[in-house]
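Dear colleague,

Please find below the structure that I am handing over to you. My findings follow directly after it.

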Amino acid sequence: MISFFLLLFIWVYSLVNFGKLPETIPVHYNLSGAADGFGSKNSLWLLIGISTLIFLFLIYLSQNSKSQFLNIPQNLKENPEVAGFIVNILNVLAMSLFAVITFESMQNALGKADGLSSLTDYLLGLIFVLIIGMMLYSWKLSRKKTRMS
């Protein structure tokens, strides 16, 4: 549900502010968060479209833990609640990342900010922590299963 509202924010904020944007906006940032690539403001719709497709794909995966497209350890896929929880957390983090990038890119284009904030780094770090945590949990489950056998 949180991920849906983040996606809704991306769409509403973009629709409300699109007309205010200059024709050229930042479309790429270097590792320090400084804009190093520029393009048409219409390229913003590509980012919004990708956000929407990822949201829909992750919703599908959260409800279909047996899907071949869900690339998590098998022992986690066997429990639909755990698999769905992991995918839902990933969806919230992904939509948060897209919302921050969309918002800050538009703020940069409007001259209200300079580059991406460190929030993008923190969100990427949280995604990494989720992946490591998932792997450790899977390892713990497999060790527990081995001991019981």
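In this predicted model, helix α1 packs against helix α4 through I2, S3, L6, L7, F9, I10, Y13, S14 and N17. Their partners in α4 are N91, V92, M95, S96, F98, A99, T102, F103, M106 and Q107. By residue type, the contact of α1 with α4 comprises 12 nonpolar and seven polar residues, and no charged ones.

As to geometry, two packed helices are described by the angle between their axes and the distance between the axes. Helix α1 covers residues 2–17 and helix α4 covers residues 80–109; their axes come within 8 Å and cross at roughly 15°. Because angles under 35 degrees count as roughly parallel, α1 is roughly parallel to α4. The crossing in which α1 passes α4 is left-handed.

Turning to the protein as a whole, the model contains five helices and two strands. Their order along the sequence is α-β-β-α-α-α-α. A box of roughly 65 × 30 × 20 Å, taken along the principal axes, is filled by the C-alpha atoms.

Of the 149 residues in the protein, 39% are buried. The protein exposes about 9200 Å², and 69% of this area is supplied by carbon and sulfur atoms. Finally, among contacts between residues at least 6 apart in sequence, 61% join residues that are at least 24 apart.

Yours sincerely

Conventions:
Residues numbered from 1 in each chain as written. Predicted model: local features only at pLDDT ≥ 70, side-chain atom pairs only at ≥ 80, totals over all residues. Heavy atoms only, no water. Axes fitted to C-alpha atoms, helices over the stretch in contact; angles between N-to-C directions. Helix = DSSP H or I, 4+ residues; strand = E, 2+ residues; numbered from the N terminus. Parallel < 35°, antiparallel > 145°, perpendicular 65-115°, else oblique. Left-handed = near helix turned anticlockwise from the far one by under 90°. Contact = heavy atoms within 4.5 Å. Nonpolar A, V, L, I, M, F, W, Y, C, P; charged D, E, K, R; others polar. Buried < 20%, exposed > 50% of the residue type's maximum accessible area, 1.4 Å probe, protein only. Areas by Shrake-Rupley, 256 points an atom, 1.4 Å probe, with all protein chains shown as cover.
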